[in-house]
Amino acid sequence: GASKRIKVDGVEYNTDPTFTNVTKSIISHTNKGLHLNDQHPVGILRDLIERKLNSVDNVFMPYNNFKPVVTTWENFDSLGFPANHPGRSKSDTYYINQDHLLRTHTSAHEVQCFQDLQTSKHKGFLISADVYRRDEIDRTHYPVFHQMEGARLWEHGDLDSLKRDLEVMEKALKENQTHTKLLCVSDAPAIDPEENPKQSYMTAPEVELTVAHLKRSLELTVSEVFNRKIESLREMKVANVPTELKYRWVKAYFPWTAPSYEIEVWWQGEWLEICGCGVIKQDVLNKAGFKLDSTMGWAFGLGLDRIAMILFEIPDIRLLWTADERFHRQFKRQTITAFKPYSKHPGSIRDVAFWLPEGTIGQEEEIHENDIMEIVRDTAGSLVESVKLIDSFVDPKTNKKSLCYRINYQSMERNITNLEVNDLQKEVVGRLIDKYHVTIR
Ligand code: PHE
C-alpha cells in the first residue's frame, strides 16, 4: 500500500517503515526560529558573533534561513563520513526516510554555500540554524539546538592576501582585549604530522597562516562574547569577577577538515567546549565545483545554546523554548543580562521498572536508551524535566535484565496535576510494553 506521508515545514515526504523515526513533537520545533529572534538569548548571541566577525573585513555572507530537512548526502556523504560512522545511526539521528533527515549539524550546508561563493563577492559565510540529535533528557540536553557554521576561503597560493588578512585579524583581536585579557594555557601546533596531519596539496606556510587566521578569528569570537559577560558581571558588582579569560586549543578529528581543532574556555571551574574547526579538506572544495586545488580555507561549527545558557544564566535548557512572557521580556537586543528566575512550578516524580524481553541483552534488538527518551518525550513533550536510569542489574539465575528509569515531570509554564501525570506515566508504560515488549516489575 501507499506509505504514510509527513509534512515538515510545508513540504511532504514519504515515510519509510525501517527509517522514519521523527516524531510529531520533534517536527513541531522545526519552525520556531529562535536563532532569528534577536531578543532571544540564542538570537542575541548569534547576532553578536555575526556582527563581530563581519566588523573585521566584512567578508561573511550570512545564511540564517535554511530549512532543517537535508539529504543523507548533504549531512554525511558530502563531508566524507564513512558508511559505518555512528553519527548515521537511527539511535542518534532523526530520519524522515532513507534519504532525508533533520540535519545533525550546520556543516550539512557547507558544499552548497561553497558553491555559492564561486559567484559571489564574499569570501566566506556564516550559517546559523536549528540542528537535531536524539539524546538523553536533562537540564542541559535537548534534541534540538542551534549551531553557527563559519568558513573563509583564499586562493591556493595567495600567501600575500592570507598574510594581510591575518594582520588585520590580529589587530582586531588585540583591540578587543582592553578590559579582559585572553590567556592561552595550551596550544595545538598547526603542523603535527603524526597526530593531526596537514593535507599534501597545501604548503607548510599556507597551513600555518590559515590555521593562525582560524585561531585568531575564534579567539576574537570568544573574547567578544565572554568580555561582554565579564563586563556585565562587573556592572552588577558580582564578587570575584575573572580578570583574565583562560582558553586552550586541543587537536581534534572531523572527517572533512585536516588539521582539526577544538577551542575550550575555562569558565567557573570547568573547560567549556566552544567549537570544532579545521582546515577544509580539498575534497569538499572540489565537490563544490572549485577548479581542482584552486582554493583553501577554514571552517568552524559553534554550538549556540550552551554558551547562551552560560551567558544569560539560564538554568534549564527548556526555558529557551518557553512561550512565557516572564522569560521573553527579560532580554534585549545585543545585550547580555542574567536571567532572573520566576517561580518554578512544582514537579512530580514517577519511576518505571521493567524486565527486558529474554534474549535481547547485548543484541541489536536491545532497547537503546535514546528510544526510551523518545517515548517519554513524544508522550509528555515539554512536561518532562529529566529521565534518568537509576537502577540496572542482570538476575544471575534467569539471566534477565532489569532497568529502572526515574521520570521527573514538570512544566516551565504551569502547574501540572497528579491526574495528568498519572495519565502520562500510564501512556509511557503502555508504549514501552507495546513497542519493546518489556515486562513491568
Ligand atoms: N559540525 C561539527 C560538529 O557539529 C563542527 C565542525 C564544523 C567541525 C566545521 C569542523 C568544521 O561537531
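**Figure 1. The loop that holds Asn58.** Asn58 lies in the loop between α2 and β3 (60–63). The view, like those that follow, is drawn from a predicted model. The phi angle of Asn58 is near 50 degrees, a positive value in a residue other than glycine. Most residues other than glycine have a negative phi.

**Figure 2. Packing of helix α2 against helix α6.** Helix α2 spans residues 41–57 and helix α6 spans residues 204–235; their axes are 10 Å apart and the packing angle is about 130 degrees. This angle makes α2 oblique to α6. The crossing in which α2 passes α6 is right-handed. On the α2 side, the contact is made by Leu45, Leu48, Ile49, Lys52, Leu53 and Val56. On the α6 side, the residues are Ser217, Leu220, Thr221, Glu224, Val225 and Arg228. By class, the contact of α2 with α6 comprises seven nonpolar, two polar and three charged residues.

**Figure 3. Packing of helix α2 against helix α8.** Helix α8 covers residues 304–311, and its axis is 9 Å from that of α2, at an angle of about 105 degrees. The two helices α2 and α8 are therefore roughly perpendicular to each other. Pro41, Val42, Leu45, Arg46 and Ile49 of α2 form one side of the contact, and Leu304, Asp305, Ile307, Ala308 and Leu311 of α8 form the other. The residues of this contact of α2 with α8 are eight nonpolar, no polar and two charged. Leu45 and Ile49 of α2 take part in the contact with α8, and Leu45 and Ile49 also take part in the contact with α6.

**Figure 4. Packing of helix α10 against helix α11.** Helix α10 (residues 369–380) and helix α11 (residues 418–436) have axes that come within 9 Å and cross at roughly 140 degrees. A right-handed crossing describes how α10 passes α11. From α10, the residues in contact are Asp371, Ile372, Ile375, Val376, Asp378, Thr379 and Ala380. These residues meet Leu424, Glu427, Val428, Arg431, Leu432 and Tyr436 in α11. The contact of α10 with α11 contains eight nonpolar, one polar and four charged residues.

**Figure 5. Residues around the ligand.** The ligand has 14 residues around it, of which His105, Ser107, Arg133, Gln147 and Gly301 come nearest. A nitrogen atom of the ligand is 3.0 Å from an N or O atom in the side chain of His105. For Ser107, an N or O atom of the side chain is 2.9 Å from a nitrogen atom of the ligand. Gln147 places a polar side-chain atom 3.0 Å from an oxygen atom of the ligand.

**Figure 6. Lys181 in strand β8.** Lys181 is found in strand β8, which is formed by residues 181–186. Leaving aside neighbours within four places in sequence, Lys181 is in contact with Thr243, Glu244 and Leu245. The Lys181 side chain also reaches the backbone oxygen of Gln177, at 3.3 Å. Lys181 and Pro259 are 78 residues apart in sequence, and their C-alpha atoms are 27 Å apart in space.

**Figure 7. The cis peptide bond at Pro259.** Ala258 and Pro259 are joined by a cis peptide bond, with omega at about -10 degrees. Most peptide bonds are trans. Pro259 has its place in strand β10, residues 257–267.

**Figure 8. Asn408 in strand β15.** Strand β15 (residues 400–409) is the element in which Asn408 is found. Not counting residues up to four places away in sequence, Asn408 touches Gly347, Ser348 and Ile349, as well as Leu383, Val384, Glu385 and Ser386. Asn408 and Phe66 are 342 residues apart along the chain, and their C-alpha atoms are separated by 34 Å.

Key: Residues numbered from 1 in each chain as written. Predicted model: local features only at pLDDT ≥ 70, side-chain atom pairs only at ≥ 80, totals over all residues. Heavy atoms only, no water. Axes fitted to C-alpha atoms, helices over the stretch in contact; angles between N-to-C directions. Helix = DSSP H or I, 4+ residues; strand = E, 2+ residues; numbered from the N terminus. Left-handed = near helix turned anticlockwise from the far one by under 90°. Contact = heavy atoms within 4.5 Å. Nonpolar A, V, L, I, M, F, W, Y, C, P; charged D, E, K, R; others polar. Near = heavy atom within 4 Å. Polar contact = N/O pair within 3.5 Å; in protein donor to acceptor, adjacent residues only side chain to side chain. Parallel < 35°, antiparallel > 145°, perpendicular 65-115°, else oblique.
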